[in-house]
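Trainee: I have a model open and I'd like to learn how to read its features. Can we go through it together?

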Amino acid sequence: MRRSVLIIPNRLSAHPGTSAHSSPLMVITAIPAFRDNYIWALRIPELHPRAVVLVDPGEPGAILSWLASEDAEPAAVLITHHHDDHAGALSALCARWPKLVVHGPRHPQLPQVTHPVGEGDQVYVPALDVRFDVLATPGHTLSHLCYLGHGCLFSGDTLFSCGCGRLFEGSPAQMHASLERLARLPDSTLLYCAHEYTLPNIGFAREVDPDNADLTAYYVACRQRRKAGQPTLPSNLGIERACNPFLRCHLPAIQDAISQQIGQPMPNAASAFAALRAWKDVY
């Protein structure tokens, strides 16, 4: 698979009185890891040609090889949760760069985190002049975090394109609340989740929402990207609100489809979400 590189204006670092077009450009690269993970690498070459912010580095070989090939070094790491496919490279990175700043949830399986963060905190990386708001999004795990900034949402395993994470620790109510919160972000917010699950997720979404023309068009576009060897990501919140059934549990058409599947009415969106997640678990 070819690595995906997206270049966006680094809008939040623009100084007062300047436009977004005059601010440095952020380069975001998808580094494939394991079978379907992505490690996200953020750079602003104009400010620092070698410094990189890494998001969820799970596979040591993949990230160390990429850093060497790019003559880059990590300025900071953002961890969304403690699962090994998101944090498994921390020991290797910290051994190579002993003073590496690692932001993440406070968790016993993340001893390498130097700067524990949680809801309402803000991460600042001086080398790149970037800031990210920290959002607590329990559901997949109880301490799961998302990072929001510069028009980008790094959602780990909370929100996938056309899907959401399994509930390993949290309750359906917690995950539903987390997703509702993310669904209120602006349409233009770019979604950088941690797995290439989009086409399988769309397959399930089309079972739930077969008459959704936006979903059909998104399927065609994503299939073309995968055939070209490109990631389907980033998506954006506008696409997700139009296509992702887990963000559409308040709609009568989605609730009717769930009711037909399980043979009982859906009294509210939270109940519909719980039933939909259970349906997806056995799909």
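Trainee: Which residues of E10 lie on one side and which on the other, and are they buried or exposed?

Mentor: A quick word on the source: this is a predicted model, where local features need pLDDT of at least 70, side-chain atom pairs count only at pLDDT 80 or more, and totals for chains, interfaces and linings use all residues. Residues are numbered from 1 along each chain as its sequence is written, and side-chain values use heavy atoms, with hydrogens and water left out. Now the terms: buried means under 20% relative accessible area, exposed over 50%, and partly exposed in between (1.4 Å probe, protein chains only). Strands (E, at least two residues) and helices (H or I, at least four) are DSSP runs, numbered from the N terminus. In E10, Leu-145, Tyr-147 and Gly-149 are on one side, Cys-146 and Leu-148 on the other, and all are buried. That covers five of the five residues in the strand, which runs over 145–149.

Trainee: Which strands pair with E10, and in what sense?

Mentor: Two strands pair if DSSP finds at least two bridges between them. Strand E9 (residues 130–136) pairs with E10 in the antiparallel sense over four bridges, and strand E11 (residues 152–156) does so, also antiparallel, over three bridges. E10 and E11 make a hairpin with two residues between them, and His-150 in the turn has a positive phi of about 60 degrees.

Trainee: How many aromatic pairs does a search of the whole structure find?

Mentor: Rings of Phe, Tyr and Trp (its six-membered ring) pair if their centres lie within 6.5 Å; planes under 30 degrees apart are stacked, over 60 edge-to-face, and the rest tilted. The search finds nine such pairs. Take Phe-160 and Tyr-197, an edge-to-face pair with 4.9 Å centre to centre and 75 degrees between the planes. Phe-160 is in strand E12 (residues 159–160) and Tyr-197 in the loop between strand E14 (190–193) and helix H5 (198–208), so the pair ties together parts 37 residues apart in sequence. Phe-160 is buried at 4% relative accessibility, while Tyr-197 is partly exposed at 27%.

Phe-204 and Phe-246 give you a stacked pair, at 6.2 Å centre to centre and 25 degrees between the planes. Here Phe-204 sits in helix H5 and Phe-246 in the loop between helix H7 (237–243) and helix H8 (252–262), 42 residues apart. Phe-204 is buried at 0%, and Phe-246 is buried at 2%. There's also a cluster: ring pairs link Tyr-38, Trp-40, Phe-132, Phe-154 and Tyr-192.

Trainee: Which residues does Lys-280 touch?

Mentor: Contact means heavy atoms within 4.5 Å. Leaving aside residues up to four places away in sequence, Lys-280 touches Asn-201, Phe-204 and Phe-246. Lys-280 lies in helix H9 (residues 269–281) and is buried, with a relative accessible area of 18%.

Trainee: What charged end sits over the ring of Trp-97?

Mentor: The test is that NZ of Lys or CZ of Arg is within 6 Å of the ring centre and within 35 degrees of the ring normal. For Trp-97, the answer is Arg-96, 4.6 Å from the ring centre. Arg-131 likewise lies over the face of Tyr-124, at 4.1 Å.
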